[in-house]
Structure formats: structure tokens, C-alpha cells
Amino acid sequence: MIKNDVYVLDSSGIIGGFLSKKFANFTTSQVITEIKDLKSELFLQSALENGYITIKEPESQDFKQVKKVITESGDLLRLSDVDQLVIALALTIERDGMNPIVVTDDYSIQNVLKIIGISYRSVLTKGIENIVGWIKICKGCKKKYPSNNSLTECEICGSPIHRKRIKKLDQ
Ligand SMILES: [Zn+2]
């Protein structure tokens, strides 16, 4: 099954003026409240009016999942509630059957996304080499699995499955 790519913007994404015309852009209402400068407000207002950005809230189970992951990884203190909601929104969108790519320049957010296997790209440096995704791959037969697959052993050969960074060619 081919999943639709969608972008999830944090405040650095909006302040940086990131907007995909090819794929849907999502953000949370909490991110909107962080936008204070006039230029970004005007950019955001126009994007909302034209339907380029959709405001969506994460589901509580995903917010809880993010809390759990960052408590274990030690990122809890480095991430604001707004940051956590953005990560949770990406999980909600993934469960909705789409492929979220978080647009953020925040290294702590990027670190958590790596742990949970969600793709991200930075705002300011545009270019395909900055679009990073994850897959799972079998060490034995090299069968590829989606990043959110929970198997630890290959269903074909029984070898361990590990996560691998991939470059996404299509933006
Ligand atoms: Zn295998």
C-alpha cells in the first residue's frame, strides 16, 4: 500500500515559511499560538485561508505515547508541551494511514522522531539530502518492513530486524 506523504509543521516550520504545495501541511492549534511575529502571522493566515495548512489535534493516546518515549530517552526536559503535541500529531496522522514528515529545526524533536521511526526534514536547508526516513530491514534476507512494524524477527527467515535510515527521493 502506498501511503500519502503529509507534512507536520512545528513553529520553526511556520516561521521558516515552509509550505508544501504538493502535499498536505498539518499543524496543531498550540503551534499557532506560538506564532507571534507579524510576518509569520500573515504567512499563516494566508495559508489557512487558502487551505494549505490544516489544524489538527493529536489524540490523547499518542500524547501519552510520546510522554513515555521521551521519559525513557531523557528528552522530557528538552521538549515543551507544544513540541510534544507536534510529535504526537505525527503519530496520530500515521495511525490515520498517512506518512507524516515532521518539518522542524529542533534537534530534540528530531532525536525523538528518530527513536519512534517517524520521518523529518529541516526547514532552512532545503534539498533531498535533508529528507530522512526510516524503514526496518531484515539482517538475513534483507526484506524491508515499514518503520512502524512491530516485528523483531523476520517473518520470512527469522533473522533479527533492524532500523535503517533512508533518503527519500520524492518531495
Ligand atoms: Zn529475513
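**Helix packing and a zinc site in a predicted model**

H5 passes H6 in a right-handed crossing. The model discussed here is a predicted one.

Q: Why is H5 called roughly parallel to H6?
A: The axes of H5 and H6 cross at roughly 30 degrees and come within 11 Å. Angles under 35 degrees count as roughly parallel, and H5 is therefore roughly parallel to H6.

Q: Which residues make the contact of H5 with H6?
A: From H5 come Asp 83, Ile 87 and Leu 91, and from H6 come Ile 109, Val 112, Leu 113 and Ile 116. By class, six of these residues are nonpolar, none is polar and one is charged.

Q: Why are H4 and H6 described as roughly perpendicular to each other?
A: Helix H4 packs with helix H6 (residues 107–116) at an angle of about 105 degrees, and the two axes lie 11 Å apart. The range for roughly perpendicular is 65 to 115 degrees, so H4 and H6 receive that description.

Q: What makes up the contact between H4 and H6?
A: Val 69, Ile 70 and Ser 73 of H4 meet Val 112, Ile 115 and Ile 116 of H6. The contact has five nonpolar residues, one polar residue and no charged residues.

Q: Why are H4 and H5 called oblique to each other?
A: Helix H4 (residues 60–73) and helix H5 (residues 81–95) pack at about 120 degrees, with their axes 8 Å apart. Roughly perpendicular covers 65 to 115 degrees and roughly antiparallel covers angles over 145. H4 and H5 are therefore oblique. The crossing of H4 and H5 is right-handed.

Q: Which residues of H4 and H5 meet?
A: Those of H4 include Phe 63, Val 66 and Ile 70, while those of H5 include Leu 85, Ala 88 and Leu 91. The residues of this contact divide into seven nonpolar, four polar and four charged.

Q: What coordinates the zinc ion?
A: The SG atoms of Cys 138, Cys 141, Cys 154 and Cys 157 coordinate the zinc ion at 2.2 to 2.4 Å.

Q: Why is the site of the zinc ion called tetrahedral?
A: The angles among the four donor atoms are 98 to 118 degrees. Four donors count as tetrahedral if all angles lie between 85 and 135 degrees, so the site of the zinc ion is tetrahedral.

Q: How are the donor residues of the zinc ion spaced in sequence?
A: Their spacing is C-x2-C-x12-C-x2-C. Cys 141, in the loop between strand S6 (132–138) and strand S7 (144–146), and Cys 154, in the loop between S7 and strand S8 (161–167), are 13 residues apart, and this pair links distant parts of the chain.

Technical notes
Residues numbered from 1 in each chain as written. Predicted model: local features only at pLDDT ≥ 70, side-chain atom pairs only at ≥ 80, totals over all residues. Heavy atoms only, no water. Axes fitted to C-alpha atoms, helices over the stretch in contact; angles between N-to-C directions. Helix = DSSP H or I, 4+ residues; strand = E, 2+ residues; numbered from the N terminus. Left-handed = near helix turned anticlockwise from the far one by under 90°. Contact = heavy atoms within 4.5 Å. Nonpolar A, V, L, I, M, F, W, Y, C, P; charged D, E, K, R; others polar. Donors = N, O, S within 2.8 Å, 3.2 Å for Na, K, Ca; no water. Tetrahedral: all angles 85-135°; square planar, octahedral: opposite > 155°, others 65-115°.
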